[in-house]
Amino acid sequence: MSTEFDDALVPRPDAVHHDRFFDRFMLNLHPADATAPSVITGLGHYPARNVVDGFVVVTTGTEQRNVRFSTELSATSGAGAGPLAFEIIEPNRRWRLRVADNPAGVAFDVVWTARTPYWLREVELGNNAGPPTKFEHLVQSGRYRGSLTLDGATHRVDGWYGQRDRSRGVRNMGGGQGLHLWCQAQFPDRSIGFLLVEDRAGERLLAEGAVLHEDGTVDDVVDVGHRLAFSDLDLIAGTVAVRTAAGRVYHLEADASAGGGFMAGAGYGGGHGVRRGRGYLDHEVYRLDGPVSPRTLDTSLTDRLCAFRWGSTEGTGILEFALTRSESYRYRPTLRWRCP
């Protein structure tokens, strides 16, 4: 950890921040031993635009259901929008999330409790156009207690994994990137995570992350490799590997066949921070055997819940990926390390 992170979201609209400034969170919720259902929810404040918006995405074995909502930040208490309400019970330690009934047929009332320290860095990237990307980025692994209701059936989610992602600043990732990977692989005593961005020539723009242990150890990632199989722009399977500052090497075999996790359904791809007035809500369903894919949506960004294997240890977690649609781009594997 570089500094103590102020967990509270910027509460009120103001004219102090840049028009593209945001302060938001994303948390996912999934079983420790299965790749369905996968729930991703998030909410962001855009104080210069007087906007708060959010989403709930749930992927079952057959479909992905999306709900997006937005309203004026000044019309809220700052602790929710649409069907989503959140409470920071203990900063950087415990959050409560509640989602009321909505057209996606999913509702939950859960408390996320940290199981690892958080990892915090400032991300800086130049862009071909517009202001540079510069934002604080925090990730932290936890477990849930509470209940999830899906199509009227209520299930306990005690012990399910959840990755918390907090980001605050200006993000303008347009132009120049070829491959984006964000991995958060959950294992019983640790979370293995990294963010990797490459340009269209395969040159590395950013590679960072950490292995976060339940005993409090933070082992920074110093190198990342990948050998992935895609069908067009969609991930099928592959291997990602990290080296850490402590000299550990982790080879993670990922099975991405569960499908879904298309972040266009969450409003990524230009839908965040847009002024839509008060009480906006929309929704849709993507069938996983239908024509929807990273090629057809307004962003290829996908948060796929994967089954991971690290040696003989099994885990689950999110492998987020996006490949540019530029015809000049060809995916290039970089993993040449031997498994220890």
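## Barrel and cavities at a glance

In strand β20, A307 is the bridge partner of D255. That pair is a handy way into this predicted model, where β20 belongs to a closed barrel of eight strands and also contributes three residues to the lining of the second largest cavity.

**The barrel**
- Strands β18 (residues 249–255) and β20 (residues 302–310) run antiparallel and are joined by three bridges.

**The largest cavity**
- Two cavities of 30 Å³ or more are found in the structure, and the largest holds about 70 Å³ of space.
- Two or more lining residues come from each of β10 (133–150), β13 (177–187), β14 (190–199) and β15 (204–213).
- Among the residues lining the largest cavity are W119, H137, W182, F194 and E208.
- By class, the lining of the largest cavity has six nonpolar residues, four polar and one charged.

**The second largest cavity**
- The second largest cavity has a volume of about 50 Å³.
- Its lining includes T35, S38, T59 and T60, along with A258, G259, G260 and G261.
- D303, R304 and L305 also line the second largest cavity, and β20 supplies the largest share of that lining, with three residues.
- Here the lining divides into two nonpolar, seven polar and two charged residues.

Note on methods. Residues numbered from 1 in each chain as written. Predicted model: local features only at pLDDT ≥ 70, side-chain atom pairs only at ≥ 80, totals over all residues. Heavy atoms only, no water. Pairing = 2+ DSSP bridges. Helix = DSSP H or I, 4+ residues; strand = E, 2+ residues; numbered from the N terminus. 1 Å grid on protein atoms, 1.4 Å probe; cavity = no way out; pocket = protein on both sides within 12 Å on 5 of 7 lines; lining within 4 Å. Points joined across faces, edges and corners; volume = space filled by probe spheres on them. Nonpolar A, V, L, I, M, F, W, Y, C, P; charged D, E, K, R; others polar.
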